[in-house]
Amino acid sequence: MRFIFNEEQQFILDNMDKPMQVSAGAGSGKTRVLVERYYRLISRGVKINRILAVTFTRKAAGEMLDRIRKRIAEDENLTAEEKNRQQEELAFAYIGTIHSICARLIRENPLLAGVDPYFGLLDEVEAYRLKMDIIRKTAYEQLEKDNQYLKEYIKLFGFDGLLSDLYDFLQLTSSRGLVLEDLLSKTEEAYGEITEKLPEQVEKLKNSVLAMEAAGKELKEGTPTRQKIEELMAVFPDYIPVLEMIKTNPVWDPEIYEKMQELSGYRLEARGKAAENIKSFRENLNGIKALLLDLKYFPLIKEAFFPLAADVRERIKKAKEARNLLDFDDLEEKTLSLLRNHPDVLDKYRQQFTYIMVDEYQDINYRQYEIFRLLSDDFKKGIFTVGDPKQSIYRFRGAKVELFGQTGEKIGESGINAGLNRNYRTLSPIIDFINDFCARLFTDEAIPFAPLQAERIISSGRRSRLYLLKGFPPGKKAEAQACLLADVIKDIINEEILLPDEKTGEVGRVNYGDIALLFRTTANMPVFARILRDYGIPCRVIGSRDFFLAEEVKAMLRLLEAIADAGDEISLVGALRSFLFQVENETLWLMRQKREPLREVLKKAGDLPIPEEEKQKLKWADHILAEGEKLKDRLTPSELIRYLEEKTCASFIPLKYSEPAQKKANLNKLAAMAWRLEEKGVIRLKDFLAYMNEAEKREIQEKQAAVDLEGDDRVKLMTVHQSKGLEFPVVIIPELEREFNEEYTRKNLLVRDEEGIFLRLASSKISSEEKIMSRRHQAVEGERRDVISEQKRLIYVALTRSRDLLILAGIGKFNDKENNDKENQIQSWRDFIQKYYTDESRQIVDTHLEIAVEEVMAVPEFSASTGNTSENSSSPSLTGEKVEKKDFIPVGFDYISPTRLVEYAFCPYQAYFAQREKVRLKPAEEEETLSSARLGNIVHYLAEKNVSLSEAGKIVSSWSDLSEEEKKEALKLFAVYLEEPEIKEIREQADYKREVPFLVRLEDFYLRGVIDGLGLTEDKIYIIDLKTGKERDIYDLQLAFYEKALQRIMPEKEIAKLIFYLQTGMVKKAAGNMEALVPGKLSLRPVFSEKCEQCRLKPLCKV
């Protein structure tokens, strides 16, 4: 077959021996050029092992290899022998992802790289478990050392926030190749500037006050603004000493900050002739406050977070070395170290790789850049990079788009910079819109926008549409958009729109499989999927990161757990209710009435008064379980999964259930995961299930198995990132209004390569003028700009996925206030569009777009989502009506509080609904006029503060969100707490501690909680628990858990447990210990009793 290339492509192929960088626009055929370039090199006699070809994904590497093989097979100039030789050599070609290439180089030089050549690679779950376990352990050790700054950090963001921040910080710095010590040094420099800026800021404030005073005198007497200024000037001399203290000794002082807060209380409206002066006063005062907060919080970074992060990093490194494991970042780091520190190795590979080809170069990080720079002798020899900086959308993985430009400059010194801008994918009217929109979009960006040249030209007709919602039910934005787009999709299917088939060229109407919805985030994809299905539109969610929530995966894991432990009735119920056996809830309820273990009841299924069909289901389930129990110690987990799949699933999944290909692929992936774990020594079923349990509990974002999209006639829902490299006849981009400010404000910590490490605080949200003063505020603003820049690139990627029809949809802005088009108001993709296409009357106008303003006043009602988008799943309704669930899983917590554990011990089903489904209904007899929990929080707060009754009165009276009745009741209860003789004696004579946190491992989980009061003597411990509600026997169990925790921590001491009921003033000794109250292992099976009849969750619970 003879390939024809355009002039741009041919130029690239004609210049094979010079360094070259190609900026390739979307749909310009870069992959075809890359393959042809590789093929022409081997056709010229270049040995395959002298060509290094790096792709972004394994899939891309496989496709490239397949295309090269096909190109060789079709070459009529090669003999059969030559074709066979080249095909054999391709088996050893250096074609792969950067990580596979790095692993290969390391294994070729293990001693110099400092690794065992048989090192293992950590997968996502293993890496997360390893790192989080070390992070937790290290954090607790530091807390035991009484690090006050660390405690302050936890007060700000919580303990879980600390753990999350540490994990994210180490991931980010690793992917970016940042040195922690350098970051800290930059941070210290940034905060060192504060002491210089504060005196300057004080002088600015004084000058602004003088200017405001002069401007106020020019205002008409008696005007509100003049009166306010005069009031301020009357008291301002009182603040001069405080300002002088800030100038002479710029340190954090809470009293000084309080005085600045007090000064802020003089609210002046910026109006009239004094408006600018008032505005300057406010901004300078806010600037001082912001800088003071910087001084307050810097020690938290330097003395708490940074030492902890450095310690954790070192421990993780040692743990991986001890286990002979590497992660992807290690592969890059060790390869770079190998090349930098061993000139002979670097020289060997420079000699070997005479040609280096790198695809998707816009998404490389700094370490990868350095690897390619070293191998190509500073980009002077044999390097060929291709990519599109406008499609750089992986900043969260450490990609730095500016490296594309830096490489281009280097290559330009001795080589060629070329471009591919002819688009073969998209119809010309859509290209016209993309060019017009993106020319404006990238105006102020460092990346120049080169217009695409459409090759699929049609003479008339607009193929880009914009749907804006103006009216919709309150709180139903996503649902309303989904309904609107469902109607739009129906119309498209019914319209006379003819599309050419990409492969055959034949013209036909639009099918569901031609349509793709591209989302910025996955948040509302399940909502759209449910509503599309409700409209009768077949659809599938692509690449969902909810593998462990998939119905078939949960069902198989529940079945395996029931096989592994015959006493695990919750898992057994989950398996029986799942699609594997489809046992009805009524049958399970009857089985429970037998008051025998369910496994025994299952064996006697024939005796149950149930339909014959149900009996057959139970008998089949009993057979499968019995077979599994026989085989569990003879087969590996992967073999057992394959066996169970064959016995229970393969015969009917394709026939009865939606997405059969996805379900089978997910089960295959589960078996493959088991097989990979077996290679690492996880052979016992019990150990495999422990690993899977960990992944489920930690909500690891594992993707569902990839399924070929070819021939799938369903609407696809996916993220823009997942659509990269794909194209679709019809592309719909919903939720244009979704704000992306959360992208740069959702984390507690801000890490900037050049500025340093900073805490994100409310003081970051100040005016643009103030941001100039503090480097932290500059960092926040820089982060905002970077996020917005990437969002521009992301929408460009989304737009360029379309071939024949492009549809945009979102909530519109329809008034002057909403349409403020200042740059700092850009918070969504919709804002970009309305900024560039808004006329003087605030109407969106554009010759490239068809505009429609719609209203959706009613949407289908759905119950709360469980995250499973399968049409066979349903979720609990908050109305208390019957709930049907296809699966039931035990409550799996990594950390459990005593209160939750009590709830779980009382009824695991109730705990399940409360924790997983967020359904918490209070029993009728507990309804009270005033919230016990609210009053309890107040009393606990006052007790922790250790204040007198009069001091408590002052504190409570200052809380405006409390009613007078609540204030009175709270102080009454606190007085009881202070005066009760027995409790008072313990507080005075023992070493009494308030609000004591604890963490202890019980069985296979951690118990974590806070004890209200703890009195310590030489030989005894008093546990005091304050209760504001009515007396309940279940509190004995809660204190039994406290006792169990303290026995593990201080086993030598006697423990007394006291429950102090504040409403009655009664002190009760809690009875029983955990072993007596919860006999047997703490698996806590539900025990049905008369209490179940009074439980208001009963309508939700059918088992």
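The buried residues of helix H19 pack against strand S9 (422-427), strand S10 (453-456), strand S11 (464-471), helix H34 (775-799), strand S20 (802-811) and helix H35 (829-836). Here, helices (H or I, at least four residues) and strands (E, at least two) are DSSP runs, numbered from the N terminus. This is a predicted model, in which local features need pLDDT of at least 70 and side-chain atom pairs count only at pLDDT 80 or more, while totals for chains, interfaces and linings use all residues. Residues are numbered from 1 along each chain as its sequence is written, and side-chain values use heavy atoms, with hydrogens and water left out.

- H19 covers residues 428-441, and ten of its 14 residues are buried; buried means under 20% relative accessible area, exposed over 50%, and partly exposed in between (1.4 Å probe, protein chains only).
- The buried set in H19 is Ser428, Pro429, Ile430, Ile431, Phe433, Ile434, Asn435, Phe437, Cys438 and Leu441.
- On length, H19 checks out: at 1.5 Å a residue its 14 residues should span 20 Å, and the end C-alpha atoms sit 19 Å apart, which agrees. The expected span of a helix is 1.5 Å times one less than its number of residues.

**The annotated binding site**

- UniProt, in an unreviewed entry, places the feature "binding site" at Ala24, Gly25, Ala26, Gly27, Ser28, Gly29, Lys30 and Thr31. Positions from UniProt are in the numbering used here, feature names are shortened, and annotations may be inferred rather than shown by experiment.
- Ala26 belongs to the loop between strand S1 (20-24) and helix H2 (30-43), and Ser28 lies in the loop between S1 and H2 as well.
- Ala26 counts as buried because its relative accessible area is 3%.
- Leaving aside neighbours within four places in sequence, Ala26 is in contact (heavy atoms within 4.5 Å) with Asp388, Gln391, Asn423, Arg425, Leu452, Tyr796, Thr800 and Arg801.
- A polar atom of the Ser28 side chain lies 2.6 Å from the backbone oxygen of Gly25.
- Thr31 is placed in helix H2, and at 31% relative accessibility Thr31 counts as partly exposed.

**Cysteines**

- How many disulfides does a search of the whole structure find? The search finds zero, where a disulfide is a pair of cysteine sulfur atoms within 2.5 Å.
- As background, a disulfide is a covalent bond between the sulfur atoms of two cysteines.
- Cys102 is buried at a relative accessible area of 1%, and Cys438 is buried at 0%.

- Pro224 is in helix H11 (residues 224-235), and it counts as exposed because its relative accessibility is 61%.
- The C-alpha atoms of Pro224 and Leu268 are separated by 9.3 Å, with the two residues 44 residues apart along the chain.
- Arg267 is in the loop between helix H13 (254-264) and helix H14 (275-323), and Arg267 is exposed, with a relative accessible area of 67%.
- Between the C-alpha atoms of Arg267 and Thr225, 42 residues apart along the chain, the separation is 9.9 Å.

**Thr636**

- Thr636 sits in the loop between helix H26 (612-631) and helix H27 (637-648).
- Its side chain makes a polar contact with the side chain of Glu678 at 3.3 Å. A polar contact is a pair of N or O atoms within 3.5 Å; within protein, one must be able to donate a hydrogen and the other to accept it, and residues adjacent in sequence count only if both atoms are side-chain atoms.
- Setting aside neighbours within four places in sequence, Thr636 is in contact with Glu678 and Ile683.

**Whole chain**

- The protein chain comes to 44 helices and 27 strands, and 54% of its 1103 residues count as buried.
- Among contacts between residues at least 6 apart in sequence, 76% join residues at least 24 apart.
- The accessible surface of the chain is about 50,600 Å², with 48% belonging to carbon and sulfur atoms; areas come from the Shrake-Rupley method with a 1.4 Å probe, and for residues only the protein chains shown count as cover.
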